[in-house]
Amino acid sequence: MIEANRLSPEKAKALAEGLVIPAHPLALDSNRKLDERRQRALSRYYAASGAGGIAVGVHSTQFEIRDKGIDLYEPVLRLAAEETERAKLDRPYIMVAGVCGPTEQAVNEAQIARNLGYDAALLSMGGLADMSEQDILKRTEVIADIMPVIGFYLQPSVGGKIFSFDFWCQFAEIPNVVAIKMAPFNRYQTIDVARAVCYSSRRDEISLYTGNDDNIINDLLTTYRFNVDGKVVEKPMIGGLLGHWAVWTRKAVEQLEEIKQARSGAISPEWLTRNVEVTDCNAAFFDPAHQFHGCIPGIHEVLRRQGLLEGTWCLNPNETLSPGQSEEIDRVYRDYPHLNDDEFVRQHLEQWLAD
């Protein structure tokens with residue numbers, strides 16, 4: 001019998017083999033109210049695209065869903081859970097809930113997610129400036145008692161903090177940590193996490209997932225190798241949990257399958273070029289030119305062009321496309337037509353939008 005707060009063997013195996021897990025956006029109407037029809041359509045799109053799961057209640061879903069008076073955290077998690085159940089998929093599909101805030105808030109969110117049937121918590125460690133590393137480790141242990149935890153190393157430029165190597169060594173030893181999403185956008189800090197996991201007694205129970213939107217393909221082609229007490233230990237960056245994969249998801253799934261094949265032989269230099277192409281697209285979507293101000297509207301704009309969203313509205317009216325961002329999205333559409341999945345969306349859009 002599977003413990004209620006553990007991944008099933010099938011889902012644990014799928015996570016360890018590498019999945020495309022998109023970060024689920026929030027569909028709003030022109031009044032900035034939840035557009036349930038399009039919210040469901042997005043969930044249907046990700047399931048149909050071949051993704052290995054979705055992450056809901058994360059940054060791409062907008063942190064303001066938790067604000068008093070908005071109160072959308074439970075509703076958006078519930079809608080995604082309902083659509084996943086309705087899809088009746090014949091493959092493991094991992095439902096990840098974004099969990100954040102101080103311990104009391106994080107516990108409440110994890111309990112909501114578990115009650116809705118979610119498989120794991122993507123545990124944000126941003127916005128906790130008043131907590132020490134030991135405090136954050138204790139918070140992680142509390143959440144891991146409720147449900148499996150995916151750790152999250154968030155870049156400091158968008159609210160994350162830098163953690164020591166020793167922190168990650170202790171983090172990796174926490175039972176029920178099943179993966180770590182590395183998104184510091186920094187090679188040194190990414191290596192810290194990979195090395196800590198390789199040093200851990202739980203190394204075979206923890207999967208490395210990329211969240212480094214500036215280096216997606218190179219990450220997925222990388223195996224980390226360290227000498228641990230005289231023994232060579234290797235861990236690949238096996239999959240990704242990415243806001244970038246909220247768009248053009250079908251192509252991301254195809255790309256990861258190609259990468260899995262490429263890992264077993266000589267890796268073509270063409271993959272280095274593809275990495276630059278994907279990063280260039282990400283720059284248009286995520287808007288690093290303006291300190292990521294337009295990252296959520298940029299994702300919305302692609303989905304709007306495809307017909308999945310009606311507009312680019314965010315709960316925060318100040319979150320809009322940056323000057324020139326729409327033109328940059330035009331450019332990457334023009335320059336990299338092989339990376340978009342517009343035709344796939346076009347074929348199924350009417351079905352996904354049906355009640």
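Select Glu109 and Arg66: both residues are buried. This is a predicted model, and in it the side chains of Glu109 and Arg66 meet in a salt bridge, with N and O 2.7 Å apart. Now look at where each partner sits. Glu109 belongs to helix α4 (residues 103–115), while Arg66 is in the loop between β2 (53–56) and α3 (73–87). The two are 43 residues apart, and the pair links distant parts of the chain. A search of the whole structure finds 26 salt bridges.

**Salt bridges within a helix**

Next, select Arg86 and Glu83. Their closest N and O atoms are 3.2 Å apart, and the two residues form a salt bridge. How far apart are Arg86 and Glu83 along helix α3? They are separated by about one helical turn, because they are three residues apart in that helix. Check Glu83 by itself: its relative accessibility is 4%, so Glu83 counts as buried.

Move to helix α9 (residues 249–262) and select Glu257 and Lys260, which are three residues apart, about one turn of the helix. Their side chains also meet in a salt bridge, here at 3.6 Å from N to O. Are these two residues buried or partly exposed? Glu257 is partly exposed, with a relative accessible area of 42%. Lys260 has 24% relative accessibility, so Lys260 counts as partly exposed too.

To see a network, select Glu36, Arg40, Arg44, Glu74, Arg78, Glu82, Glu83 and Arg86 together: salt bridges that share partners join these residues. The pair Arg86 and Glu83, visited above, is part of this network.

**The nonpolar cores**

Now select Tyr118, Trp168, Phe171 and Phe285. They are in the largest nonpolar core, which has 103 residues, and they touch the most other members. Helix α10 (residues 270–286) gives the most to this core, with six residues.

Keep Phe171 selected and show its surroundings. Which residues does Phe171 touch, not counting those up to four places away in sequence? They are Met125, Leu137, Thr140, Val149, Gly151, Val177 and Ile180. Apart from this core lies another core, of 21 residues; Leu7, Leu19, Val58 and Val96 are among them.

**Rings**

Turn to the aromatic side chains. The whole structure holds 15 aromatic pairs. In one of the aromatic pairs, Tyr45 and Tyr46 are tilted, with 5.0 Å centre to centre and 40° between the planes. Tyr45 and Tyr46 are both buried.

Then select Phe185 and Phe292. Why is this pair edge-to-face? The planes of the two rings are at 75°, and planes over 60 degrees apart count as edge-to-face. Their ring centres are 6.0 Å apart. Phe185 lies in the loop between β6 (177–183) and α7 (187–199), and Phe292 lies in the loop between α10 and α11, so the pair ties together parts that are 107 residues apart in sequence. Phe185 has 21% relative accessibility and counts as partly exposed, whereas Phe292, at 16%, counts as buried. The cut-off for buried is under 20%.

Select Arg195 and Phe165: the charged end of Arg195 sits over the ring of Phe165, 3.7 Å from its centre. Then select Arg250 and Phe344, where the charged end of Arg250 sits over the ring of Phe344 at 5.3 Å from its centre.

**Backbone angles**

Most residues other than glycine have a negative phi. Go back to Phe292, which is not a glycine but has a positive phi of about 65°. Asp229 is not a glycine either, and its phi is positive at about 55°. Asp229 is in the loop between β8 (223–228) and β9 (231–242). Asp229 is exposed, with a relative accessible area of 81%.

**Last stop: Ser322**

Select Ser322, in the loop between α11 (295–306) and α12 (325–335). Its relative accessibility is 7%, so Ser322 counts as buried. Which residues is Ser322 in contact with, leaving aside its neighbours within four places in sequence? They are Asp287, His290, His293 and Gly294. To finish, show the side chains of Ser322 and Asp287, which are joined by a polar contact of 2.5 Å.

How values were computed: Residues numbered from 1 in each chain as written. Predicted model: local features only at pLDDT ≥ 70, side-chain atom pairs only at ≥ 80, totals over all residues. Heavy atoms only, no water. Core = buried A, V, L, I, M, F, W, Y, C linked by side-chain atoms within 4.5 Å. Buried < 20%, exposed > 50% of the residue type's maximum accessible area, 1.4 Å probe, protein only. Helix = DSSP H or I, 4+ residues; strand = E, 2+ residues; numbered from the N terminus. Contact = heavy atoms within 4.5 Å. Polar contact = N/O pair within 3.5 Å; in protein donor to acceptor, adjacent residues only side chain to side chain. Salt bridge = Lys/Arg side-chain N within 4 Å of Asp/Glu carboxyl O. Phe/Tyr/Trp six-rings, centres within 6.5 Å; stacked < 30°, edge-to-face > 60°. Lys NZ or Arg CZ within 6 Å of the ring centre and 35° of its normal.
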